[in-house]
Amino acid sequence: MLDKQILSMFLPEGILDYFEITGVTELPDYTGKELELHIELTEYNKVPSEYNSEDYESKGFFPTKKIHDFPIRDKAVYLLVKRRRWRHKVDKHEIHRDFSIFAKGVKMTQELSDFLKKQVETRAISMKEVSINLRVSPAKLRRHYKYQSSGYTQWDQKSHADDYLIFPKNIGSKLSIDEVSLAKGELYTFVTNKDAHGKQGSLVAVINGTKSEKIYQILSKLPESERCKVQEITLDMANNMESASKRAFPLAQLVTDRFHVVRLATDALQHVRIKHRWKAIDKENLAIEEAKKKGVRYAPDRFINGDTAKELLARSRHLVSKLPDKWTDAQKLRARILFREFPEIQKAYWHVVRFRNIYTKTNKSTAKKLFKQWINQTNTLNIKEFFSVANTVKSHFESILNFFDNRSTNAAAESFNSKIKLFRANQRGVVDNKFFLFRIMKLFA
């Protein structure tokens, strides 16, 4: 009895009530590198309880079925199942048991099938990773999930999934809209509900492409009553997103994401640094040529921290993207040298710091004054890399200032996009875009 209790912990629930173990063997698995267990199970000669056992006699077995089950001690397990059939002694008709233990349409136990489905639909990982952990062939798992357990073949949005997906039930008062590259550089527009925090219920719409008119047409398929519930949309500075959002959600306030605005300014600063770096590279190359002509070995001048001018400019990339209170001691020394040797970079750096500090103000009217002052200072500073930043701020001034009402950002969308990108990277070459979108829908819709 104790042996049966122990064995029942490793086999499908209730199977030992109907089958006895008649053999166990070890054979190489599908990779040829590991061993797998084959457990032979033979059905007891007990007529199903709903029939009179005196009227039936055992008439052999159905062909043995090889059924995949959970691994045991890191070995794949297959159940070699021999099911009986019984024949009526008088009219000769046959009967047999139907077992819910085994999944229909696939050679797998129902418990394993349900577990695999849960793993695939609740974790943004590749099927290969799931299959390795459970000792299932990746191709077998993919076929089983796609055509048997997932509902993919009956998916109500399958016919237009390559073009768009919409989920009206996930609309909330605060949305984010952004673009993501799914496969081969193809861009999709994702609309997400911020209140779902990148989990189930996040996905409102997925649209193939970034054209304003198409985005609007697809979003218009969402019920107007639901679209009018949207109070706020955070987005980047792409004009197509802004135009489509205004038309599709007429009552929503548009908020330009703080991160994208600040990044525009920091990118301008990096352009100033890179401009000086190329000049330093050219200067060093000329010095090397001059040394060759003179037949001497070139020895570059080095600053007190050991950097050459070229190295100083290259190694300052992360330094200039931080605020001064975040610098390490080595970065503080490098900053002093950098600003002494390249005054334009110093001016550009502090100009960006002033820009970033505007976002620490909680008052919208104060921020408005500071942005206007910064734009005027840009003209006085006369560093051309910042002219585009100032013009962009002016063209998106209202939506940039809207940030200060609720201090809403597009961080939820960026986090969601990161999950999508990581999920895509984990697929390792899978190119079935429609099925990939189906999995995204299962995870986030």
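H68 touches A76, V77, Y78, K107, M108, T109, L112, L134, R135, V136 and K140, leaving aside residues up to four places away in sequence, where contact means heavy atoms within 4.5 Å. The model is a predicted one, in which local features need pLDDT of at least 70 and side-chain atom pairs count only at pLDDT 80 or more, while totals for chains, interfaces and linings use all residues. Residues are numbered from 1 along each chain as its sequence is written, and side-chain values use heavy atoms, with hydrogens and water left out.

H68 is placed in strand β4 (residues 65-72); strands (E, at least two residues) and helices (H or I, at least four) are DSSP runs, numbered from the N terminus. With a relative accessibility of 0%, H68 counts as buried, a class that means under 20% relative accessible area, with exposed set at over 50% and partly exposed in between (1.4 Å probe, protein chains only). The side chains of H68 and Y78 are joined by a polar contact of 3.1 Å, that is, a pair of N or O atoms within 3.5 Å of which, within protein, one must be able to donate a hydrogen and the other to accept it, residues adjacent in sequence counting only if both atoms are side-chain atoms.

T64 is found in the loop between β3 (56-61) and β4, and at 47% relative accessibility T64 counts as partly exposed.

Two packed helices are described by the angle between their axes and the distance between the axes. Axes are lines fitted to C-alpha atoms, for helices over the stretch in contact, and angles run from 0 to 180 degrees between N-to-C directions.

| Helix pair | Angle | Axis distance |
|---|---|---|
| α2 (residues 110-122) and α3 (residues 127-134) | about 140 degrees | 10 Å |
| α11 (residues 343-358) and α12 (residues 364-381) | roughly 165 degrees | within 9 Å |

The axes of α11 and α12 cross at roughly 165 degrees, which makes α11 roughly antiparallel to α12, since angles over 145 degrees count as roughly antiparallel, those under 35 as roughly parallel, 65 to 115 as roughly perpendicular and the rest as oblique. The crossing of α11 past α12 is left-handed, meaning that the near helix is turned anticlockwise from the far one by less than a right angle, whereas clockwise gives a right-handed crossing. In this pair, K347, H351, R354, F355 and I358 of α11 meet A367, L370, F371, W374, Q377, T378 and L381 of α12. The contact of α11 with α12 has seven nonpolar, three polar and two charged residues, with Ala, Val, Leu, Ile, Met, Phe, Trp, Tyr, Cys and Pro counted as nonpolar, Asp, Glu, Lys and Arg as charged, and the others, Gly among them, as polar.

N382, which is not a glycine, has a positive phi of about 60 degrees; N382 lies in the loop between α12 and α13 (387-395) and is exposed, with a relative accessible area of 55%. R407 likewise has a positive phi, near 55 degrees, in the loop between α15 (403-406) and α16 (411-426), and R407 is partly exposed at 32% relative accessible area.
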